[in-house]
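Please read them with the structure open.

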Amino acid sequence: MKIAICDDSIEDLIKIEKLLKQYEASSKSLDFQIEKFSNPSKLCEQIRQKNIANIYLLDIIMAGNDGIDIGRLLRKMGNDPVIIYITSSDDFALDAYHVHAARYLVKPVPKADLFEALDYSLSHMDSHKGPVYLVKTKTGLVSVPFSKIEYIENVSRILDVHLTDGETIRSIFIRKSFDEEIKELMSDRGFLHVHKSFIVNLRYIRQLTSNSIIMESGKTIPVSKARTADVKKEYLLFISEQY
């Protein structure tokens, strides 16, 4: 299992690595390949080359690319490794939520807290197969994990399924109503029907405005006037359930 640590403090890098080795030694089944980065730009370069670890332990406050930037890069590329933030400030918890961090730990990190975060991470990886959404396209059925869908737009009864890595999958003409086509997705707590032509993944909302939603990709999604209050309520409830 590959684990990447990124912290511009060499002292903290060494401390975290020691704790990881202690955790690894506590189980005969674990085999960690640990990579350390004191320069976040070098880690970003590795991610862009699609050299992806299973778990990332990231500081947030670093020169250049901070830990949140690294998390956004991972999600933008459509990767779903576990992210654990280990930082000196609790001011970035909401930002950490937006990149779906598994844990947010404040330095100095107690051994028990890091071990619990690793327990959770390994459990998450074992169970995180997740449901998929089938899109009928001109070339056949395309299976899309729910976790990779940022939002879906209904354009004249053709679905544009926008993914977190920037790709768009276009369906053939749908004969059922939009409501019927997205019924399976709506059974997932993470999706919300915000407009007659849009469904969004709540996990990838960056900002709510009075009449729209800004997604992580920067796309602005309109919110129906009749649904504005419910959208705000459901989004805030979703965040509170996650954190």
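1. Leaving aside its neighbours within four places in sequence, which residues is Asp12 in contact with? The model is predicted, and in it the partners are Asp7 and Lys107. Asp12 itself belongs to helix 1. Its relative accessible area is 17%. The cut-off for buried is under 20%, so Asp12 counts as buried.

2. Helix 1 also has a part in the chain's path here. It covers residues 10-25. Together with strand 1 and strand 2 it makes a β-α-β unit, and the unit is right-handed. Strand 1 spans residues 2-6 and strand 2 spans residues 33-37. The two strands are paired in the parallel sense, over 5 bridges.

3. Next, helix 3, residues 67-76. Of its 10 residues, 7 are buried, so the helix is largely enclosed by the rest of the structure. The buried residues are Gly67, Ile68, Ile70, Gly71, Leu73, Leu74 and Arg75. Note that Arg75 is in that list. What supplies the cover for the buried residues of helix 3? The covering elements include strand 1, helix 2 (40-48), strand 3 (55-58), strand 4 (82-87) and helix 4.

4. Now the aromatic pairs. How many does a search of the whole structure find? The count is 5. One of them joins Tyr97 and Phe238. The geometry is edge-to-face, with 6.4 Å centre to centre and 65 degrees between the planes. This pair links distant parts of the chain, 141 residues apart. Tyr97 lies in helix 4 (residues 93-98) and Phe238 in helix 8 (residues 228-242). Tyr97 has 4% relative accessibility and so counts as buried. Phe238 is buried too, at 2%.

5. Phe146 and Phe191 form another edge-to-face pair. Their centres are 5.8 Å apart, and the planes make an angle of 85 degrees. Again the pair links distant parts of the chain, here 45 residues apart. Phe146 sits in the loop between strand 7 (140-145) and strand 8 (149-155). Phe191 belongs to strand 11, residues 191-195. Phe146 counts as buried, with 5% relative accessibility. Phe191 is buried as well, with 4%.

6. Two further ring features deserve a look. Tyr23, Phe32 and Phe115 are linked into a cluster by ring pairs. Elsewhere, a charge meets a ring: the charged end of Arg103 sits over Tyr120, 4.2 Å from the ring centre.

7. Glu116 gives a distance check. It is found in helix 5, residues 111-127. Its relative accessibility is 36%, so Glu116 counts as partly exposed. How far apart in space are Glu116 and Gly140, C-alpha to C-alpha? The distance is 43 Å, for a sequence separation of 24 residues.

8. The order is 13-14-15, and the pairing is antiparallel. Why is one side of strand 13 and of strand 15 left without a neighbour in the sheet? Strand 13 (205-208) and strand 15 (220-222) stand at the edges, and each has a single partner strand. Neighbouring strands of this sheet are turned by 30 degrees against each other on average, direction ignored.

9. Strand 14, residues 212-215, pairs on both sides. It is joined to strand 15 by 3 bridges. It also pairs with strand 13 over 3 bridges.

10. The hairpin of strand 13 and strand 14 has 3 residues between the strands. The hairpin of strand 14 and strand 15 has 4, and in it Gly218 takes a positive phi near 100 degrees.

11. Last, the faces of strand 14. In a regular strand the side chains alternate between the two faces of the sheet. Are the faces of strand 14 covered or open? Both are covered. Ser212 and Ile214 are buried on one side, Ile213 and Met215 on the other.

Terms used. Residues numbered from 1 in each chain as written. Predicted model: local features only at pLDDT ≥ 70, side-chain atom pairs only at ≥ 80, totals over all residues. Heavy atoms only, no water. Pairing = 2+ DSSP bridges. Right-handed = clockwise from strand over helix to strand, strands pointing away. Axes fitted to C-alpha atoms, helices over the stretch in contact; angles between N-to-C directions. Phe/Tyr/Trp six-rings, centres within 6.5 Å; stacked < 30°, edge-to-face > 60°. Buried < 20%, exposed > 50% of the residue type's maximum accessible area, 1.4 Å probe, protein only. Lys NZ or Arg CZ within 6 Å of the ring centre and 35° of its normal. Contact = heavy atoms within 4.5 Å.
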